[in-house]
Amino acid sequence: MLRVIVLGAGAGGGYPQWNSAGPGCLRARAGDPAAKPRSQASIAASADGESWLLVNASPDLRQQIAATPALHPRAGRLRNSPIAAVLLTGAEVDNIAGLLHLRERHPFTLLAAPQSFAVLDANPIFRVLNPDFVRRRPIAPGMRFDMLGLTVETYPVPGKVPLFAEDGRDPGTAEEGEALGVAISAGGPALHYIPGCAAMTDALRARLRGAACVMFDGTLFTDDEMIRLGAGPKTGRRMGHMPMTGAGGTLEAFAHLDVARRVFTHVNNTNPALLDDSPERAALREAGWEVAEDGMEITL
Ligand code: MLT
Ligand code: MN
């Protein structure tokens, strides 16, 4: 049986974001039960509950481990961790910064597309991941492999180079490994985890049709949300994230895909659907979508 724990369901910055006084962030900071905080997006997956694969290592990983008993060291040996592998779906800060927490001589396998390894190599701070302990496994597009009792399949989705690597130019959308989707199963149906996706394509549609569960990029409710709120100059699409709603948005893209369970994750602090009592959340519910919360578990 596949067990997936949502370590964090927020986008980069988390919820509340440190410098935001937006309406949702104010409510989250005040402890409003309808505005539950979200740490930055990541999941942990396991077939046996003993060894775990992390998909992305968020800057909040230290607190996420503390909040997740399944990831605690087991009594008996002085140093150990159930975290056996980390797979990166991209090299944005919110996907890789948590690797710095994993630097204490603990052996694990690090899986990523060559593009993401290149980002780590270009930033010498990641040399803290001593190759004597951290084995690297490059992911080729469309690769399927077994590890830790899990079957893992990775595939490129439309995305872009990380924000910090943009160099002031619009990098455009690529589909060669800058952003990955991952399908994880353990003898049963697969859970697809796609925290960043710039557009729906025919290939992705074919892959997701009839899936048991898809956790998908829920960054923004509307494409121009950041601009309208004065939170930033860019549309969601320019940031590599298709919006939930509007023409070509995620609700529309999934409308006829027959995906049994649809869960938004990587939800930005500006997204009104984070509020349990908002009309936007009601609209998602109506369309058959859930919004992930930290600590949520899915078994398949
Ligand atoms: C993103 O997903 O677009 C990034 O996490 C942006 C960021 O690093 O702030
Ligand atoms: Mn992100």
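Here is a chat about the nonpolar cores and the ligand site of a predicted model.

Colleague: Hi! What should I know about the model before we start?
Modeller: It is predicted, so to speak, with local features needing pLDDT of at least 70 and side-chain atom pairs counting only at pLDDT 80 or more, while totals for chains, interfaces and linings use all residues. Residues are numbered from 1 along each chain as its sequence is written, chains are lettered from A and ligands numbered from 1 in the order in which they are written, and side-chain values use heavy atoms, without hydrogens and water.

Colleague: Which residues have the most contacts inside the largest nonpolar core?
Modeller: Ile194, Leu204, Leu208, Phe216 and Phe254, in a core of 31 residues. Such a core is a set of buried (under 20% relative accessible area, 1.4 Å probe, protein chains only) Ala, Val, Leu, Ile, Met, Phe, Trp, Tyr and Cys residues joined through side-chain atoms within 4.5 Å.

Colleague: And what does Leu204 touch, beyond its neighbours within four places in sequence?
Modeller: Leu204 is in contact (heavy atoms within 4.5 Å) with Tyr155, Val157, Ile194, Cys197, Ala199 and Phe216.
Modeller: There is also a second, separate core of 30 residues, with Val6, Ile43, Ala85 and Ala292 among them.

Colleague: New topic: which residues surround ligand 1?
Modeller: Glu92, Asp94, Leu163, Met239, His241 and His266, each with a heavy atom within 4 Å of the ligand.

Colleague: How far is an oxygen atom of ligand 1 from the side chain of His241?
Modeller: An N or O atom of the His241 side chain is 2.7 Å from a ligand oxygen. For His266 the distance is 3.2 Å, and for a polar side-chain atom of Asp94 it is 2.8 Å.

Notes:
Buried < 20%, exposed > 50% of the residue type's maximum accessible area, 1.4 Å probe, protein only. Polar contact = N/O pair within 3.5 Å; in protein donor to acceptor, adjacent residues only side chain to side chain.
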